[in-house]
Amino acid sequence: IGSLPERVAPLVPRVLLNREMVGALPADDELDDEDALAAMFGGGSPGTFRFLREDNYRDVFVGGDADDAVDELARALGWGRELDALVSSERARLAGEDAEAEAEAEGRRKEAAAERERRAAERAAAKAKVDGRVA
């Protein structure tokens, strides 16, 4: 995931939804000599965000929880209902998968218990057979 910003073309907008601003070049007035030299020659790698830079033309930072930011963005774009429907259907699907997985696990537990009972009965029968020969 960390290399995704480097995989887009130079004119593609990039949005970072995160609690903290990561991967950003320092602001223009905070450049040290090494950063200033790099800035003269294109400034860092293509994947380095320019949130704080005067030459930023495509990078946007949205701070906070990603779920909240996506919800806010979807509502601002008029996609709130679609997002709500998608979230609801996905939660229902996952709940169904959870219920199905639990039913399968319960079936395996019952099979294992039945197998233990069968083996115990076999051991008891073998013991009774041996006890009958000894007596």
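A residue is called buried when its relative accessible area is under 20%, exposed when this is over 50%, and partly exposed in between (1.4 Å probe, protein chains only). By this criterion, buried residues account for 14% of the 135 residues in the protein chain. The model is a predicted one, in which local features need pLDDT of at least 70 and side-chain atom pairs count only at pLDDT 80 or more, whereas totals for chains, interfaces and linings use all residues. Residues are numbered from 1 along each chain as its sequence is written, and side-chain values use heavy atoms, with hydrogens and water left out.

The predictor's confidence in each residue is expressed as pLDDT, on a scale from 0 to 100. The average pLDDT of the protein chain is 84, and 82% of the residues score at least 70.

The protein chain contains 3 helices and 2 strands, where helices (H or I, at least four residues) and strands (E, at least two) are DSSP runs numbered from the N terminus. Along the sequence, these elements follow the pattern β-α-β-α-α. Contacts are defined by heavy atoms within 4.5 Å. Of the contacts between residues at least 6 apart in sequence, 68% join residues at least 24 apart. The accessible surface (Shrake-Rupley method, 1.4 Å probe; for residues, only the protein chains shown count as cover) amounts to about 10600 Å², of which carbon and sulfur atoms supply 57%.

Aromatic rings were examined next. Rings of Phe, Tyr and Trp (its six-membered ring) are paired if their centres lie within 6.5 Å; planes under 30 degrees apart count as stacked, over 60 as edge-to-face and the rest as tilted. The structure holds 2 aromatic pairs. The pair of Phe49 and Phe51 is stacked, because the ring centres are 4.7 Å apart and the planes lie at 15 degrees. The pair of Phe51 and Phe61 is tilted, with 5.7 Å from centre to centre and 55 degrees between the planes. Phe49, Phe51 and Phe61 form one aromatic cluster. Within it, Phe51 is buried at a relative accessible area of 13%, while Phe61 is partly exposed at 26%.

Phe49 is also located in the loop between α1 and β2 and is buried, with 7% relative accessibility. Not counting residues up to four places away in sequence, Phe49 touches Pro5, Arg14, Leu16, Val22, Gly23, Ala24, Leu25 and Asp59. The C-alpha atoms of Phe49 and Pro5 are separated by 8.0 Å, although the two residues are 44 residues apart along the chain. Thr48 is in the loop between α1 and β2 as well, and is buried at a relative accessible area of 16%. Beyond its neighbours within four places in sequence, Thr48 contacts Arg14, Gly23, Ala24, Leu25 and Asp59.

On the surface, Leu73, Leu77 and Trp79 form a nonpolar patch with about 330 Å² of accessible area together. Patches consist of residues with over 30% relative accessible area and no salt bridge; like charges are joined within 9 Å, and nonpolar side chains (Val, Leu, Ile, Met, Phe, Trp, Tyr) within 5 Å. A salt bridge is a side-chain nitrogen of Lys or Arg within 4 Å of a carboxyl oxygen of Asp or Glu. Leu73 is part of helix α2 (residues 66-76) and is partly exposed, with a relative accessible area of 46%.
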